[in-house]
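Me: I'm new to this one. Please walk me through it, briefly.

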Amino acid sequence: MMEVRRKLLNSVEKCVDEALEGLVRSNGGLALLRGHRVVLRSDLESIKGKVALLSGGGSGHEPAHAGYIGVGMLSGAVAGAVFASPPPGSVLAAILTLWKGGASGVLLIVKNYTGDRLNFGIAVEQARTQGMHVDMVIVADDCAFAQPSKAGRRGLCGTVFIHKMAGALAEKGCPLDEIVARMNEATKNIGTLGVSLSPCSVPGCLPSFQLPPGEMELGLGIHGEPGIKRSKVASADEVVKTIISHMTDSSNKSHLSLKSGDKVVLCVNNLGALSCLEIAVVSKVAVHCLEERGVLVVRVMSGSFMTSYVISDLCFSDAKTTAPAWPNLSTASVSGRNMFMKPEEKPGASSDNYNEGSLSSVIRLVLESVCKILLQHQEELNALDRAAGDGDCGSTHALVANAIQDWLHTSRIPGNFGQLLAELALLVQQSMGGSSGALYCLFLSAAAPHLKQNCDGAAWAKALHAGTEAMKRYGGAEPGDRTMLDALCPAVEELMKLSTTVPPDGHIAILQSAVEKADLGAEATRNLTARAGRASYVASEHLTQPDPGAVAVAAILKAILNALKA
């Protein structure tokens with residue numbers, strides 16, 4: 001029986017914010033961007049005329065990414081909830097603050113996960129429309145999969161090397177285009193492979209997968225996604241040899257090409273569960289194994305650089321030392337200083353100056369129904385999502401459900417459906433995070449313009465079509481890839497019948513049929529091979545339940561139908 005693991009926290013809901021505050025309070029060179037989970041250098045005047053570097057992603061990988069903010073590395077980092085990508089609104093706020101601070105350009109360094117690509121990508125596009133010089137480098141260093149899926153190789157600990165190399169170039173004053181070109185080339189020469197003796201877990205949730213005693217998992221991801229192979233726990237010598245052999249096997253399309261005479265920097269990264277003694281043993285074996293192959297190890301980094309949910313002790317001293325385990329500590333006084341900075345005002349912020357309409361009461365009932373069903377399905381969706389790694393699908397949907405409920409209690413409901421969808425897109429963007437949040441935001445944003453002037457059946461059909469096409473374009477998935485599209489697309493195809501002339505009572509019949517198609521599509525995902533999103537990294541035999549995103553879409557459509565029927 002699996003149990004929720006205990007963590008040394010005050011609350012699951014506040015752990016990310018409290019951890020960021022703890023980091024900033026402990027380091028005088030850092031500041032929080034008020035209203036966002038964004039950490040920035042407190043000396044932004046120092047980046048004037050230089051390229052600013054911004055990274056981030058889900059929390060739970062500390063010290064990545066905020067721990068790498070400083071001179072010669074990152075200018076800022078954006079944090080999401082644990083294992084969930086941050087919302088694009090926070091990424092855009094960070095970009096805007098760095099740009100207004102005088103940066104000549106802003107480079108986003110992003111790990112190759114669907115949610116991160118989507119949310120950071122949305123912010124990049126929004127920043128470019130406002131005239132900012134912005135670009136993005138995707139890091140995909142995972143060597144686990146011999147045949148990578150459509151989603152590509154995952155971004156892992158090698159991302160830290162890109163932080164360092166790009167930071168050095170930015171500090172020298174290199175232009176954005178040059179840094180991007182050199183980092184895209186550098187990512188081709190980085191490889192990472194993980195091994196685990198136990199699963200990880202999101203705070204407040206069950207472990208991401210089960211690993212029997214005495215077994216280990218090769219090729220797992222940093223969010224606890226099951227790997228490519230299980231075997232009995234072996235000696236450090238055998239485990240390291242297995243890792244290096246797999247990473248350098250030329251038949252593996254994700255392999256790292258290494259030959260005798262090559263020079264390498266070796267990083268032995270502790271995902272969070274090993275002792276310093278064990279990591280030291282692994283480091284010794286790895287160096288020896290590489291030297292046996294004629295590879296020259298010019299540097300070794302050993303420690304916790306990108307973890308899978310772990311909290312470490314902090315030490316304080318201004319004395320300089322060459323001891324390898326001692327951190328490079330801030331010498332600034334941490335007491336009594338203001339640790340927040342004010343974010344730059346967003347241009348074109350949405351306005352709430354609108355009136356309620358005749359349909360506002362119906363809209364309220366529909367939204368209340370959707371929120372209720374998402375909260376009811378929270379644990380079911382989390383359980384389905386644990387097979388794909390992080391187990392937070394229900395929790396992220398609950399976040400947006402709670403945000404909508406708060407909005408319903410404090411705001412007027414627009415009578416115009418275009419305004420309504422735009423407001424909901426903003427709510428999703430600010431509160432949900434993760435790839436699901438980005439995809440819902442894209443759907444609503446693309447659909448909204450088609451309903452501003454008209455809301456008849458034909459307008460709804462155009463809006464729904466535009467929404468699904470935006471999800472396909474940015475998310476890279478198609479029906480059949482085992483994603484939420486497998487429930488949404490059949491439903492939207494049925495709803496396209498709204499564009500034809502139908503009797504007044506025919507709309508509900510079409511919606512009823514669409515809900516049935518969504519249910520069938522969601523159920524059918526249990527027999528599909530995942531080809532997009534985080535689940536595509538998980539072996540098919542582990543994916544025996546329906547896709548949680550598809551199940552959520554079907555539940556939302558059913559809630560809408562039930563509310564309209566009532």
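Me: Is Phe417 buried or exposed?
Reply: Phe417 is buried, at 14% relative accessible area. Buried means under 20%, exposed over 50%, partly exposed in between (1.4 Å probe, protein chains only). The model is predicted: local features need pLDDT of at least 70, side-chain atom pairs 80 or more, while totals for chains, interfaces and linings use all residues. Residues are numbered from 1 along each chain as its sequence is written, and side-chain values use heavy atoms, without hydrogens and water.

Me: And Trp460?
Reply: Trp460 is partly exposed, with 25%.

Me: How many aromatic pairs are there?
Reply: The count is 1 aromatic pair. Phe417 and Trp460 have ring centres 5.3 Å apart and planes at 70 degrees, so they are edge-to-face. Rings of Phe, Tyr and Trp (its six-membered ring) pair with centres within 6.5 Å; planes under 30 degrees apart are stacked, over 60 edge-to-face, the rest tilted.

Me: Where do the two sit in the chain?
Reply: Phe417 is in helix H11 (residues 417-431) and Trp460 in helix H13 (residues 457-475).

Me: Switching topic. How many helices and strands?
Reply: The protein chain has 16 helices and 12 strands. These are DSSP runs, numbered from the N terminus: helices (H or I) of at least four residues, strands (E) of at least two.

Me: What share of the protein chain is buried?
Reply: Of its 566 residues, 52% count as buried.

Me: Back to single residues. Where is Leu564?
Reply: Leu564 lies in helix H16 (residues 548-565). Leu564 is partly exposed, at 38% relative accessibility.
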